[in-house]
Amino acid sequence: MTQNAIEITGLRKTYAATGKSAAKDALKGVDLNIKRGSVFGLLGPNGAGKSTLINILAGLVTKTEGTVKIWGFDQDENPRQSRASIGIMPQEPHLDAFFTPRGSLDVQAGLYGVPKSKRKTDEILDFIGLTDKADAYARSLSGGMRRRLLMGKALVHTPHILVLDEPTAGVDIELRNMLWANVRKLNEQGTTIILTTHYLEEAQEMCDEIAIINHGDLIVRDTTANLLGRLDSKTLVVRPATDATLPALPDTITGQIRTDGTLAFSYHTAQTSADQILDILRNADIKIADISTEQSDLEDVFLALTSGR
Ligand SMILES: Nc1ncnc2c1ncn2[C@@H]1O[C@H](COP(=O)(O)OP(=O)(O)OP(=O)(O)O)[C@@H](O)[C@H]1O
């Protein structure tokens, strides 16, 4: 039995031309395996093809070419089992205004063929913090409550894999924390999580592996730790004891005086050590009042990989 939650091979999607726009290759042959039990981040600039990929997993968009296996089930050969293995929390809250959260969860469970005796409606309502609102009409729910209900709906059939498409776009900090706490709990219980987010800090914090898509191509896939290591650039920030100018620097070090008077030195750890910079400062007679380092973050990696492509 495969150890992968998702296996995607040669996935292509071309949206047909319409009267106004030309045909669009949204995915240009993507190969991607996602391990069981991971929290996987799918990143990319606007229009990169992330939603297309997620909608193909969800069975909402028909692929043009390629194979998709979900929990080992080929989407074309075993559509029922592959659909049963995955739950999707979509970006937009499309909720029927006249359903209550309890009603919505029941209808969704019905759609997935979950027998009444196996439904976990109360447990899910508690998990998403909507027990109090269980019987209120959806139209009376706040935006945050609707998002939580979307998460609940994605869980009615206890899927092995939960996909969250931009779950925290435009939500307040309290809701964001709650959603992430829920994601962590589900992952601890064994659910594989796949998410897209525009917040790179969030991806850095939540995901153990990351893939970056750009213009329909998968340009990188690695562990978050390796991705962060890729740039291997560091910045040493020195607050001089008295006003100081930049000392002469070798080509391998870039220096900058920041507006707060600190001196920032960027370098690649493979070429330069912090010690070398401190020696340069000592030789230039610059006394140090304080010192700190800044590591590159996912944002730097992302920009380095996607800019100019
Ligand atoms: N139904 C559609 N018909 C035609 N073109 C489409 C359709 N859906 C998406 N596209 C195009 O396919 C490309 C990929 O879009 P997609 O929505 O997958 O990107 P994305 O990475 O999810 O972007 P965002 O972060 O903005 O949601 C874009 O150029 C988009 O305009």
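Reader: What pLDDT does the protein chain average?
Author: The chain averages a pLDDT of 89, and 95% of the residues score at least 70. pLDDT is the predictor's confidence in each residue, from 0 to 100. This is a predicted model, where local features need pLDDT of at least 70, side-chain atom pairs count only at pLDDT 80 or more, and totals for chains, interfaces and linings use all residues. Residues are numbered from 1 along each chain as its sequence is written.

Reader: And which ipTM and pTM does the model score?
Author: ipTM is 0.96 and pTM is 0.80.

Reader: Which domains does the assignment give?
Author: Domain 1 covers 4-85 + 159-228, domain 2 covers 94-156 and domain 3 covers 232-306. The bounds come from an automatic or database domain assignment.

Reader: How many residues does the contact take from domain 1 and from domain 2?
Author: 8 residues from domain 1 and 7 residues from domain 2, with contact meaning C-beta atoms, placed from the backbone, within 7 Å. Helix 6 (residues 173-188) gives the largest share of the domain 1 side, 4 residues. Helices (H or I, at least four residues) and strands (E, at least two) are DSSP runs, numbered from the N terminus.

Reader: Switching to strands. What pairs with strand 4?
Author: Strand 1 (residues 4-15) pairs with strand 4 (residues 65-70) in the antiparallel sense over 5 bridges; pairing needs at least two bridges found by DSSP. Arg12 has Glu65 in strand 4 as its bridge partner. Strand 5 (residues 73-74) is also antiparallel to strand 4, over 2 bridges.

Reader: What's in the turn between strand 4 and strand 5?
Author: The two strands form a hairpin with 2 residues between them, and Trp71 in the turn has a positive phi of about 55°. Ile70 has Phe73 in strand 5 as its bridge partner.

Note on methods. Two residues are in contact if their C-beta atoms, placed from the backbone, lie within 7 Å.
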